[in-house]
Amino acid sequence: MTQIMIKAGITPGSTDLVDLYSSVGWSAYTQDPSRLQEAVRRSLLTATAWEDDRLVGLARVVGDAVSIIYMQDVLVHPSHQRKGIGRALVREVFSPFADVRQHVLLTDSEPGQTAFYTSLGFTDIRDMPGGLRSFVRIFTGDTD
């Protein structure tokens with residue numbers, strides 16, 4: 001197997017991004033490739049995983065880098081999952097922000113996701129002391 005290289009601060013091309021996001025079924029992101037690439041470019045930091053010249057993983061954070069950072073995306077091509085790539089990407093993308101008070105992410109309730117993120121030190125908001133709540137509003141194209 002070819003060595004996987006983790007690189008920080010690179011914005012992949014739109015074709016690479018669409019291929020990777022499509023591989024994990026994130027089709028809402030792939031409908032506008034230029035918008036996807038611009039979103040990745042505007043991130044505070046992006047970490048990518050490459051097998052030769054093929055993008056096989058990506059993690060990115062957004063936020064103010066002082067009081068909060070938000071993990072927007074972590075994805076690894078299905079053929080490369082469960083090999084430590086996701087863990088390496090998360091560590092790489094969070095390492096410059098170790099002193100930031102809040103590291104936040106939103107993910108689905110799939111048990112594998114829960115296990116992965118708790119193994120990295122994240123806590124489900126329902127398990128946080130002090131009765132924290134979380135709210136989200138996702139634009140669906142409706143104006144209501």
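## The largest pocket

What volume does the largest pocket have? In this predicted model, the answer is about 1500 Å³. Its lining takes in 39 residues, and those closest to the centre are Trp26, Gln72, Asp73, Val74 and Leu75.

The top contributor is E4, with seven residues. Sorted by class, the lining of the largest pocket comes to 21 nonpolar, nine polar and nine charged residues.

## The second largest pocket

Strand E5 (102-105) and H5 are the elements that give two or more residues here.

## Aromatic pairs

Across the whole structure, six aromatic pairs turn up. One of them joins tyrosine 21 and tyrosine 29: the ring centres are 5.4 Å apart and the planes meet at 50°, so this pair is tilted. Tyrosine 21 has 0% relative accessibility and therefore counts as buried, while tyrosine 29, at 32%, counts as partly exposed.

Phenylalanine 94 and phenylalanine 122 make another tilted pair, 5.9 Å centre to centre with 40° between the planes. This one links distant parts of the chain: phenylalanine 94 belongs to helix H4 and phenylalanine 122 to the segment after H5, 28 residues apart. Both phenylalanine 94 and phenylalanine 122 are buried, and together with Phe116 and Tyr117 they form one aromatic cluster.

Key: Residues are numbered from 1 along each chain as its sequence is written. This is a predicted model: local features need pLDDT of at least 70, side-chain atom pairs count only at pLDDT 80 or more; totals for chains, interfaces and linings use all residues. Side-chain values use heavy atoms; hydrogens and water are left out. On a 1 Å grid over the protein atoms alone, a cavity is a set of points where a 1.4 Å probe fits but cannot get out, and a pocket is an open set with protein on both sides within 12 Å along at least five of seven lines; lining residues have an atom within 4 Å of a point. Grid points are joined across faces, edges and corners, and a volume is the space filled by probe spheres set on the points. Helices (H or I, at least four residues) and strands (E, at least two) are DSSP runs, numbered from the N terminus. Ala, Val, Leu, Ile, Met, Phe, Trp, Tyr, Cys and Pro count as nonpolar, Asp, Glu, Lys and Arg as charged, and the others, Gly among them, as polar. Rings of Phe, Tyr and Trp (its six-membered ring) pair if their centres lie within 6.5 Å; planes under 30 degrees apart count as stacked, over 60 as edge-to-face and the rest as tilted. Buried means under 20% relative accessible area, exposed over 50%, partly exposed in between (1.4 Å probe, protein chains only).
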